Amino acid sequence: AAGVIQSPRHLIKEKRETATLKCYPIPRHDTVYWYQQGPGQDPQFLISFYEKMQSDKGSIPDRFSAQQFSDYHSELNMSSLELGDSALYFCASSPRDRRTDTQYFGPGTRLTVL
Amino acid sequence: AQSVSQHNHHVILSEAASLELGCNYSYGGTVNLFWYVQYPGQHLQLLLKYFSGDPLVKGIKGFEAEFIKSKFSFNLRKPSVQWSDTAEYFCAVRADSWGKLQFGAGTQVVVTP
């Protein structure tokens with residue numbers, strides 16, 4: 001079965017650089033969630049989109065922005081990177097169905113900021 | 001604000017031992033409950049979920065969990081663990097029928113041969 005695709009899988013950036021992470025949801029899933037998992041920590045919700053509109057916002061820094069496109073893929077843009085942004089960034093997708101709304105996670109993008 | 005508490009941060013046990021991981025949440029309304037597993041170097045995989053109905057839910061790989069509403073708990077169990085169950089286990093709660101997940105801190109489980 002098709003899964004959530006994230007690219008790149010690994011990314012190394014310098015401080016103050018920018019990064020763009022991409023997420024391709026499972027086909028027919030219209031909702032995308034972004035989570036950040038720091039070393040040894042639980043995943044923290046950043047932001048979500050439903051039908052190309054932002055549906056919820058968590059602890060996402062102002063330096064980060066995201067959007068969902070017409071094909072439902074999503075991009076997380078991160079600017080002025082800081083050392084503390086080094087983390088595993090997960091994308092999850094789900095269909096907006098009250099009976100089956102389970103979030104399926106992608107493999108993550110490991111971002112290292114030097 | 002809702003919170004999720006996992007009782008143990010690290011659990012070490014031998015193969016064939018029984019496993020029970022505790023999860024409590026604080027939220028007064030209807031919740032959806034999940035257990036995810038993260039094998040070393042891998043992404044989160046859904047073990048099982050509870051939306052409504054029978055409070056005893058069965059998941060993949062022989063895991064099950066019991067929702068006890070009066071105790072705000074959703075404990076994960078497996079009667080006999082295998083070495084391949086070594087992983088980190090996350091309990092997650094969602095306050096709506098859809099929406100963001102609130103994760104617990106995770107429990108690192110190590111199964112020794």
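A:Thr18 lies in the loop between strand S2 (10-13) and strand S3 of chain A, where strands (E, at least two residues) and helices (H or I, at least four) are DSSP runs numbered from the N terminus. This is a predicted model, in which local features need pLDDT of at least 70 and side-chain atom pairs count only at pLDDT 80 or more, while totals for chains, interfaces and linings use all residues. Residues are numbered from 1 along each chain as its sequence is written, chains are lettered from A and ligands numbered from 1 in the order in which they are written, and side-chain values use heavy atoms, with hydrogens and water left out.

Beyond its neighbours within four places in sequence, A:Thr18 is in contact with A:Lys13, A:Met78, A:Ser79, A:Ser80 and A:Leu81; contact here means heavy atoms within 4.5 Å. A:Asp56 stands 38 residues from A:Thr18 along the chain, and the C-alpha atoms of the two are separated by 23 Å.

Chain A contains 0 helices and 11 strands, and its pattern along the sequence is β-β-β-β-β-β-β-β-β-β-β. The radius of gyration of chain A is 13 Å, close to the 13 Å that the globule rule gives for 114 residues, so the chain is as compact as a globular protein of that length. That radius is taken over C-alpha atoms, and the rule is 2.2 Å times the number of residues to the power 0.38. Along its principal axes, the C-alpha trace of chain A spans about 40 × 25 × 25 Å.

Confidence is expressed as pLDDT, the predictor's confidence in each residue, from 0 to 100. Chain A has a mean pLDDT of 92, and 96% of its residues reach 70 or more. Within chain A, confidence is lowest in strand S6 (residues 53-57), at a mean of 90, and highest in strand S3 (residues 19-24), at 98.

Most residues other than glycine have a negative phi, and most peptide bonds are trans.

The interface with chain B comes next. Here 20 residues of chain A are in contact with 18 residues of chain B. The area buried between the two chains is about 1,700 Å², of which carbon and sulfur atoms give 54%; buried area is the accessible area (1.4 Å probe) that two parts lose on being put together, summed over both. Between chain A and chain B, 7 residue pairs are in polar contact, both residues being at pLDDT 80 or more. A polar contact is a pair of N or O atoms within 3.5 Å; within protein, one must be able to donate a hydrogen and the other to accept it, and residues adjacent in sequence count only if both atoms are side-chain atoms.

On the side of chain A that touches chain B, strand S4 (31-37) and strand S9 (87-94) each supply at least two residues, and S4 gives the most, with 3 residues. The residues of this side divide into 8 nonpolar, 6 polar and 6 charged. In that division Ala, Val, Leu, Ile, Met, Phe, Trp, Tyr, Cys and Pro count as nonpolar, Asp, Glu, Lys and Arg as charged, and the others, Gly among them, as polar.

A search of the whole structure finds 9 salt bridges over all chains, each a side-chain nitrogen of Lys or Arg within 4 Å of a carboxyl oxygen of Asp or Glu. Across the interface of chain A and chain B the rule finds 1. In a salt bridge, the side chains of B:Lys100 and A:Asp56 meet at 2.9 Å, N to O. B:Lys100 lies in the loop between strand S10 (87-94) and strand S11 (102-103) of chain B and A:Asp56 in strand S6 of chain A, so the pair joins two chains.
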